[in-house]
Amino acid sequence: MNGAESLVRTLLAGGVDTCFANPGTSEMHFVAALDRVDGMRCVLALFEGIATGAALGYARMAEKPAATLLHLGPGLANGLSNLHNASKSSTPIINIVGDHATYHRKYDAPLTSDVEGAAKPFSGWVCTSPNATRVAADGAAAIAAARTPPGQVATLILPADTAWNEGSGPAAVAEPRSRARVSQDCITAAAKALRSGKPAMMLLGGLALRQRALDLAGRICAKTGTKIMAETTNARIERGAGCVPVDRLPYPVDQARASLAGLKHVVLVASRKPVAFFAYPDKPSLIASEDTDFLTLARGEDDALDALERLADELDAQSVPSQAAKLVLPSLATGAITVATLSQSLGALIPENAIVVDESISSSAGLFPATWNSRPHTWLQNMGGSIGLGMPMATGAAVACPNRPVLNLQADGSAMYAIQSLWTQVREGLNITTVLFNNRSYACLRDELANVGAQNVGRKALDMLDLSRPDIDFVGLARSMGMAGARVTTMDEFNVEVARGLSTPGPYLVEVQIT
């Protein structure tokens, strides 16, 4: 058994049974091992950023890591943007990167690079296997590292000769580490702040946005008269009927500051102190006022559900009536396409148990609130801010949950970063409906021009934000990769085509023309 097969068998023993790959020459022995060993699902991506983004979407829904397979330093570089997004959202990934044989690296061949140096800023754990007998043990360590709460990217670099030489056989994988239980002092301090009678808020993130945790947070806030909110972007939120509706902290700095104005206490539950996405002239980086007191009930790596259970007991909030949303479906909107009418129809159309992947960018804030009373669903967002995640994340989520419909709300500019995802979706027969909002621009950046105070903006600057001349034919691109689709210009057409996509097995694309 060579090193590559030892590694594959170790991954399977550790529960890692899916690999999103874009391999090259250095990885051929690993590819051959994937073929020899039963149990590993291999999904080919046509770009490394799709492989890493799909692994992110898979892990969020499967609640366990997938593996990637990337080709040397340049292949890793192509995948780094979505490894950044995984890192910022504490998503576990086993990131396997091939490298030149150990004895070949000194000759500085064309693809030679500092793979470890490239991986470190985006990985919580990095290791280069020195020889074939160490590969399996290093793989087991990578699995343990990736699963360390709250989750992280573990990058294992596999020189070619460590894959083809004789290995040790599979290595034992340690049991996942349990999440830490918060101290009673954290419970007592949070309860005191929420009982104080002063304006307070619970800011939720991470596992605090799952259904049971939301239910507890809703009861606590109803008992104490406390405001409740989620972070601006979140890895996964359970939403719709049966879930407590939670709005997100707005993205624009002024709106976010208004949401936190007057608060004396903010209790952080698997969340962080809110900061502006970017620096803006004459605006603060920290969103809350200086006299706001932040208390941490639970960190991202802690057992947030246990902390909320204990806090609810401390406040005698368990018996408070549920704050969960009821099922109230809006009517389908008709007429012109606007964010308001799109939101209304989406609220009616989201299927039971759907996974909504939101990379709608400038439309996102308007689409979110109107779906509180929709059928129960899960909502995924990009926490790292590096665009081009939506289509890959939808791909990985669909692989993880083949029996759940996936609805990808996708902006046009970010779609072009990973449009080849559609090919993988067709090849794998994934149940994904992509709703692509085409406004022929980087619309959010037009707003940012004003936000950063850029003056006297002319044609050259505006051209950098314009995606016309030529217009992109997304339906044509989808068809070129084997995917059916339709372009819509009215809400009546939108309702028909989105319903068609959601009811038809396999992937479908609806291009929404926004003027």
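**View 1. Cysteines without disulfides.** The structure holds zero disulfides, a disulfide being a pair of cysteine sulfur atoms within 2.5 Å. This is a predicted model, in which local features need pLDDT of at least 70 and side-chain atom pairs count only at pLDDT 80 or more, while totals for chains, interfaces and linings use all residues. Residues are numbered from 1 along each chain as its sequence is written, and side-chain values use heavy atoms, with hydrogens and water left out. For Cys19, the closest cysteine sulfur is in Cys42. The two sulfurs are 5.8 Å apart, too far for a bond. Cys19 counts as buried because its relative accessibility is 1%. Buried means under 20% relative accessible area, exposed over 50%, and partly exposed in between (1.4 Å probe, protein chains only). For Cys401, the closest cysteine sulfur belongs to Cys243. That gap is 15 Å, so it is too far for a bond. Cys401 is buried too, at 12% relative accessibility.

View 2. A search of the whole structure finds four aromatic pairs. Rings of Phe, Tyr and Trp (its six-membered ring) pair if their centres lie within 6.5 Å; planes under 30 degrees apart count as stacked, over 60 as edge-to-face and the rest as tilted. Phe20 and Tyr58 form an edge-to-face pair, 6.0 Å centre to centre with 65° between the planes. Phe20 lies in strand 1 (residues 18-21) and Tyr58 in helix 3 (residues 48-62), so the pair ties together parts that are 38 residues apart in sequence. Helices (H or I, at least four residues) and strands (E, at least two) are DSSP runs, numbered from the N terminus.

View 3. Tyr251, Phe277 and Phe278 form one aromatic cluster. Elsewhere, the ring of Phe368 has the charged end of Arg239 over it, 3.7 Å from its centre. The charged end of Arg248 also sits over the ring of Phe368, 4.0 Å from its centre. A charge sits over a ring if NZ of Lys or CZ of Arg is within 6 Å of the ring centre and within 35 degrees of the ring normal.

**View 4. The buried side of helix 10.** Helix 10 spans residues 253-260. Its buried residues are Val253, Ala256, Ser259 and Leu260. They cover an arc of only 120° around the axis, which puts them on the same side of helix 10. The arc is that of the directions from the helix axis to the C-beta atoms. These buried residues pack against strand 7 (200-204) and strand 8 (227-230). Just after helix 10, Gly262 takes a positive phi of about 85°.

**View 5. Helix 12 and Ser345.** Helix 12 is mostly covered, with eight of its 11 residues buried. Among them are Thr341, Leu342, Leu346 and Leu349. The buried residues of helix 12 pack against several elements, including helix 13 (364-367), strand 14 (406-411) and helix 20 (491-503). Ser345 is found in this helix, which covers residues 339-349. Ser345 counts as buried because its relative accessibility is 0%. Which residues does Ser345 contact, leaving aside its neighbours within four places in sequence? They are Leu332, Ala333, Met491, Phe494 and Asn495. Contact means heavy atoms within 4.5 Å.
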